[in-house]
Amino acid sequence: MNLPTPAIVAERGVQRLPRLALILLCAAYVLPGIFGRDPWRNADLTAFGFMASIAEGRAPWWQPAIAGIPADGGPLPYWLGALAIKALPFLDAPVAARLPYAFVLVGVLIAVWYTCFHLARTEAAQPVAFAFGGEAQVVDYARALADGALLALMASLGLLQLGHETTPELLQLLAVSVYLYGLAAAPFRRRRSRLAVLLALPVLAASGAPMVACLLGLLGVLLNHRSSYQEAKDQRAWLLGALTLAVVAAWFFNGWAWRVQPGLDLPSLLRLLAWFCWPAGPLALWTLWRWRRHGLRRHITVPAIALLVPLVACVAMDGSDRALLLALPSLAILAAFALPTLSRGFSAAVDWFSVFFFSAAALFFWLYYVSMHTGWPERPLANLRRLAEGFEPRFSLVALVLAIAATAAWLALVRWRTARHRHALWKSLALPAGGVALGWLLVMSLLLPPLDYARSLEPLVSRLKTHLPADAGCLAAPGQSLATLSALEWHGGWQVQGRGTLAHTACPNAVISAGQPTPPGWQVVAQVRRPTDRSGSASLVLLRKP
């Protein structure tokens with residue numbers, strides 16, 4: 001039965017987004033943040049600590065560890081960074097570890113584009129056929145929606161920071177995106193789709209998400225079982241094979257770690273969903289409503305199952321944003337199918353909001369930058385020095401040139417969007433995606449020095465070094481977070497003991513958290529706090545045996 005489609009798209013509505021502009025936009029989104037900064041607390045620094053421990057020989061490849069504490073989950077993501085560190089010794093280790101993850105993010109963007117492209121080619125997703133012709137052609141329509149999905153993903157606020165970290169969740173995100181591609185391309189790309197699912201589920205399991213891999217695989221089997229495409233039905237055996245490999249990978253890498261946390265805070269979860277999924281989330285809800293009669297068709301069910309599983313994981317993990325990260329590809333794809341049904345008034349409202357919001361943000365960033373380097377206006381620089389004690393601005397000509405180029409590109413995009421291409425399907429997401437890329441590039445160029453000073457633990461370790469002898473090779477730090485232990489190992493260069501108690505350590509020096517009682521047999525040398533820690537709650541107390 002052919003149900004009426006809500007999409008009404010003329011040929012002029014599927015104008016192609018210029019490829020050079022799209023590539024430059026992706027580069028402006030992916031590249032900033034790779035160079036010129038330390039690993040940031042908490043997850044980014046922790047993951048880097050595991051990678052560095054393998055690369056420097058402080059932990060075996062099969063069991064990454066920080067200060068003797070093993071990693072929770074599969075080691076595959078840490079192998080990626082460790083291999084890059086060893087293969088690129090001429091680069092700083094944090095930069096080398098980030099490079100493969102930049103390619104991972106690129107892979108996510110590519111997989112989402114092709115997933116939406118193939119879903120938009122299915123029969124049920126096609127727009128209304130006009131009586132006298134002039135409707136959008138299949139390939140042009142699919143390409144326009146795929147461009148919209150890519151823009152929706154880059155505009156998602158939840159991907160902005162987590163997508164630029166070197167954490168296992170980013171590799172999980174790539175695995176989910178490739179799995180989505182495998183399901184979407186099954187009717188059109190027989191071999192590629194089978195290879196995609198066969199690779200994605202084991203990688204997902206070996207990256208610390210075995211339950212997500214198994215649930216996605218089971219739902220994929222059920223979806224293909226009732227598919228009207230014979231090629232999709234034939235994929236079921238490959239999905240079962242991928243499920244088997246995922247179970248073996250989880251068992252082999254000891255990745256069956258349960259992270260269920262009871263006691264869900266519903267208001268906090270709703271706030272997380274509101275900002276993390278913006279703007280793809282509201283558009284995805286609109287898609288589910290407008291295409292509700294097509295709810296069992298492939299272009300809705302494929303992203304829906306990959307949306308449901310991360311949402312359940314997020315709820316089970318007490319509102320974890322890292323579990324919710326895996327839902328963003330599906331949200332972006334569903335958001336793309338809302339584009340043919342949006343009114344002109346809604347698109348105009350999105351454009352004006354984006355222009356004012358991101359232009360104001362850019363002006364704010366430039367104001368702080370000018371204040372840092374000229375002293376005028378006085379208030380922004382005073383605020384920075386009050387919040388980040390000891391921070392001194394440093395000038396970078398490269399950063400300034402990149403920021404000027406990004407600002408000029410934003411102004412050109414605003415002018416281009418308001419002057420032409422008013423009929424393109426992806427028009428409503430051009431300014432949000434461009435604004436997010438602009439904001440990220442400006443922050444990673446103009447404001448990177450103070451942000452790095454605030455997010456890095458290197459200033460804390462530097463202060464700690466002044467109270468330790470130069471030949472101090474061992475430091476006991478039981479009870480400290482993995483991020484702190486990683487900073488002590490990497491920035492301090494000490495052999496850190498994170499397990500056991502101070503009563504049984506052979507190290508002459510130790511650190512404990514502020515507020516803890518001094519153990520017998522130790523004396524306090526100094527209390528050191530992070531420069532941006534105003535309350536002193538994250539301070540470390542240095543102890544020494546008399």
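Biologist: Which helix gives the most to the lining of the largest cavity?
Modeller: In this predicted model, helix H4, which covers residues 93-119, gives the most to that lining, with 4 residues.

Biologist: And how much space lies in the largest cavity?
Modeller: The largest cavity holds about 100 Å³ of space. Its lining is made up of 14 residues, and those closest to the centre are Val-30, Ile-34, Arg-98, Ala-102 and His-164.

Biologist: How does the lining of the largest cavity divide into nonpolar, polar and charged?
Modeller: The lining of the largest cavity has 7 nonpolar, 4 polar and 3 charged residues.

Biologist: Which residues line the second largest cavity?
Modeller: The second largest cavity is lined by Arg-37, Trp-40, Asp-44, Gln-161, His-164, Glu-165, Trp-440 and Arg-455. By class, that lining divides into 4 charged, 2 polar and 2 nonpolar residues. His-164 belongs to this lining, and His-164 is also among the residues closest to the centre of the largest cavity.

Biologist: Which elements give two or more residues to the lining of the largest pocket?
Modeller: Those elements are helices H1 (19-30), H17 (344-374), H19 (397-419), H20 (427-445) and H21 (448-455). The largest contribution comes from H19, which gives 10 residues to the lining.

Biologist: Nonpolar, polar or charged, how does the lining of the largest pocket divide?
Modeller: For the largest pocket, the lining residues comprise 33 nonpolar and 6 polar ones, together with 1 that is charged.

Biologist: Now the outside. Which residues form the nonpolar patch on the surface?
Modeller: The patch is formed by Trp-61, Trp-62, Leu-83, Val-248, Trp-251 and Phe-252, and together these residues have about 730 Å² of accessible area.

Biologist: Which helix does the largest share of the nonpolar patch come from?
Modeller: The largest share, 3 residues, comes from helix H11, which spans residues 236-252.

Biologist: And where does Leu-83 lie?
Modeller: Leu-83, which is one of the patch residues, lies in helix H3, a helix that runs over residues 76-87.

Note on methods
Residues are numbered from 1 along each chain as its sequence is written. This is a predicted model: local features need pLDDT of at least 70, side-chain atom pairs count only at pLDDT 80 or more; totals for chains, interfaces and linings use all residues. Side-chain values use heavy atoms; hydrogens and water are left out. Patches are made of residues with over 30% relative accessible area and no salt bridge: like charges are joined within 9 Å, nonpolar side chains (Val, Leu, Ile, Met, Phe, Trp, Tyr) within 5 Å. Accessible areas come from the Shrake-Rupley method with a 1.4 Å probe; for residues, only the protein chains shown count as cover. A salt bridge is a side-chain nitrogen of Lys or Arg within 4 Å of a carboxyl oxygen of Asp or Glu. Ala, Val, Leu, Ile, Met, Phe, Trp, Tyr, Cys and Pro count as nonpolar, Asp, Glu, Lys and Arg as charged, and the others, Gly among them, as polar. On a 1 Å grid over the protein atoms alone, a cavity is a set of points where a 1.4 Å probe fits but cannot get out, and a pocket is an open set with protein on both sides within 12 Å along at least five of seven lines; lining residues have an atom within 4 Å of a point. Grid points are joined across faces, edges and corners, and a volume is the space filled by probe spheres set on the points.
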